[in-house]
Amino acid sequence: LDSKDNIIEGLRNEADDYVSKPFNLEVLLQKIDTLIKNRIRLKNKFLLQSGNDQELKMSNSLDEDFITQITKFIIDNISDPELSVPDLCKLSRMSRTSFYHKIKSLIDLTPNEFIRTVRIKRAKAIMVNNPNLNISEVAYMTGFSDPKYFSTLFKKYFEQSPSDYIK
């Protein structure tokens, strides 16, 4: 389907690109390279944002709505240590496998990494706004049942311990 109408319809349906036959291999490889770089850029932008995940902009509004909905659900249930991937699958009405592939393709994180990232970024925002809270309180407020694990993750994400960050 290489007519102009089919290409326009595919792009209107928010496809990243539309490749029709015959295609030039060099052009196709460059398109793939660009898409991969854009996904990496998007992942890094997501990981480096402060606490406001609504800042994340994607080229596809359906994907943006999907990530916004999932993120909002995680934030609304952030103190629940039992919050898990099946909860997100149920919310999005997707199988676990489909959900995994969707999240992985959008921001290059597994669903569990995505939940942890949202939690740890929210913890950072809480620590900024409430510096008098101790680290264990922040950990429990953001759904971590083990403050030591929380501290380890915090250091992994922000390259400093939570206590150093508060100082």
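Is V19 buried, partly exposed or exposed? V19 is partly exposed, because its relative accessible area is 43%, where buried means under 20%, exposed over 50% and partly exposed in between (1.4 Å probe, protein chains only). The model is predicted, local features need pLDDT of at least 70, side-chain atom pairs count only at pLDDT 80 or more, and totals for chains, interfaces and linings use all residues. Residues are numbered from 1 along each chain as its sequence is written, and side-chain values use heavy atoms, with hydrogens and water left out.

**View 1. A nonpolar patch on the surface includes V19.** The patch is formed by V19, F23, L25, L29, I32, I36 and I40, which together have about 640 Å² of accessible area (Shrake-Rupley method, 1.4 Å probe; for residues, only the protein chains shown count as cover). Patch residues have over 30% relative accessible area and no salt bridge, nonpolar side chains (Val, Leu, Ile, Met, Phe, Trp, Tyr) being joined within 5 Å and like charges within 9 Å; a salt bridge is a side-chain nitrogen of Lys or Arg within 4 Å of a carboxyl oxygen of Asp or Glu. V19 lies in the loop between α1 (4-12) and α2 (25-48); helices are DSSP runs (H or I, at least four residues), numbered from the N terminus. P22 has its place in the loop between α1 and α2, and a cis peptide bond with omega of about -10° joins K21 to P22.

**View 2. I74, F99 and F114 touch the most other members of the largest nonpolar core, which has 16 residues.** Two or more residues of this core come from each of α3 (61-76), α4 (85-92), α5 (96-107) and α6 (111-129). Another core, of eleven residues, lies apart from it and has A123, I126, L153 and F158 among its members. A nonpolar core is a set of buried Ala, Val, Leu, Ile, Met, Phe, Trp, Tyr and Cys residues joined through side-chain atoms within 4.5 Å.

**View 3. Helix α5 buries F99, I103, L106 and I107.** These residues cover an arc of only 70° around the axis and therefore lie on the same side of α5; the arc is that of the directions from the helix axis to the C-beta atoms. D108 follows α5, with a positive phi near 55°, and is partly exposed at 30% relative accessibility.

**View 4. Residue E159 has a positive phi near 60°.** E159 is in the loop between α8 (147-158) and α9 (162-166), and counts as exposed at 72% relative accessibility. Most residues other than glycine have a negative phi, and most peptide bonds are trans.
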